[in-house]
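Hello,

Please find the structure below.

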Amino acid sequence: MKTLENLTRLYINKCQDYVKYRMVSDICKTKDFGMMARYFKNFAKQELTHAKIISDLINKIRGENDSIVVEISLKNINTDDVKTIITNEIERENANGRNKYKMYAKIAEDEGEKEVAKYLELLSSAEQNHSLMLETLLLRLNNNDGVCDCGVCGLRLSKKDKTCPLCSSKKEF
Ligand SMILES: [Zn+2]
């Protein structure tokens, strides 16, 4: 069944995404992009949630003795430039959301796996949503004129603020 292979591929992709977003979060931290680091940590958590859902779907439809072998491409990070990383991820999340998940959903539907098809449609929306959130982060990096909101208390900080005058937190992007 193609659906079992597709879910396996997605599961491995999600595991890679989880590790990758945790790594991006660490990169952001080294560059004082604290807010960005928290966003990526949260994206990682969401990818982990997706992986769990997909793992459950696999367990529901796989036979006891099914051995599943799939080919998968490596998706590691090869730069520490946050803008480049985000730009690449926007493209990938968007393409996943628009094409891959929808294609897999159609195949699941054709193979009679209605529940899987339903979840794949929802995952497709979540991926497209990730891509939109990443676009917002990229915009924030590109328009970095020194003005930003304090990540701790929400106060708008000016260019000259090094720390937040309200809660004393370090200013971070
Ligand atoms: Zn503050």
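**What I found**

Ser168 sits in the segment after β2 (156-157). Helices (H or I, at least four residues) and strands (E, at least two) are DSSP runs, numbered from the N terminus. This is a predicted model: local features need pLDDT of at least 70, side-chain atom pairs count only at pLDDT 80 or more, and totals for chains, interfaces and linings use all residues. Residues are numbered from 1 along each chain as its sequence is written.

Ser168 is not a glycine, yet its phi is positive, about 70°. Ser168 counts as exposed because it has 10 C-beta neighbours inside 10 Å. (Buried means 20 or more other C-beta atoms within 10 Å of the residue's own, exposed 12 or fewer, partly exposed in between; C-beta atoms are placed from the backbone.)

Asp32 also has a positive phi, near 65°, and is not a glycine either. Asp32 lies in the loop between α1 (2-30) and α2 (34-61). Asp32 is partly exposed, because 13 other C-beta atoms lie within 10 Å. For context, most residues other than glycine have a negative phi.

**Overall layout**

The protein has four helices and two strands. From the N terminus, the order is α-α-α-α-β-β. The C-alpha trace spans about 60 × 25 × 25 Å along its principal axes. Of the 173 residues, 28% count as buried.

The domain assignment gives domain 1 (2-142) and domain 2 (147-173). Such bounds come from an automatic or database assignment. Taken over C-alpha atoms, the centres of domain 1 and domain 2 are 32 Å apart.

Contacts mean C-beta atoms, placed from the backbone, within 7 Å. Among contacts between residues at least 6 apart in sequence, 64% join residues at least 24 apart.

**Helix packing**

How far apart are the axes of α3 and α4, and at what angle do they pack? The axes of α3 (82-110) and α4 are 8 Å apart, and the angle is about 165°. That makes α3 roughly antiparallel to α4. (Angles under 35 degrees are roughly parallel, over 145 roughly antiparallel, 65 to 115 roughly perpendicular, the rest oblique.) Axes are lines fitted to C-alpha atoms, for helices over the stretch in contact, with angles from 0 to 180 degrees between N-to-C directions.

α1 and α3 cross at roughly 165°, and their axes come within 12 Å. So α1 is roughly antiparallel to α3. On the α1 side, Lys2, Thr3, Asn6, Val24, Ile27 and Cys28 meet Val82, Ile85, Tyr104, Ile107 and Ala108 in α3.

α4 (residues 114-142) has 29 residues, so at 1.5 Å a residue it should span 42 Å; its end C-alpha atoms are 42 Å apart, which agrees. (The expected span is 1.5 Å times one less than the number of residues.)

Buried residues in α4 are Val116, Tyr119, Leu120, Leu123, Ser124, Glu127, His130, Leu134 and Leu137. What covers them includes α1, α2 and α3.

Why does His130 count as buried? His130 counts as buried because it has 23 C-beta neighbours inside 10 Å. Leaving out residues up to four places away in sequence, His130 touches Phe43 and Glu93. Val70 is 60 residues from His130 along the chain, and their C-alpha atoms are separated by 26 Å.

Best wishes

Technical notes. Two residues are in contact if their C-beta atoms, placed from the backbone, lie within 7 Å.
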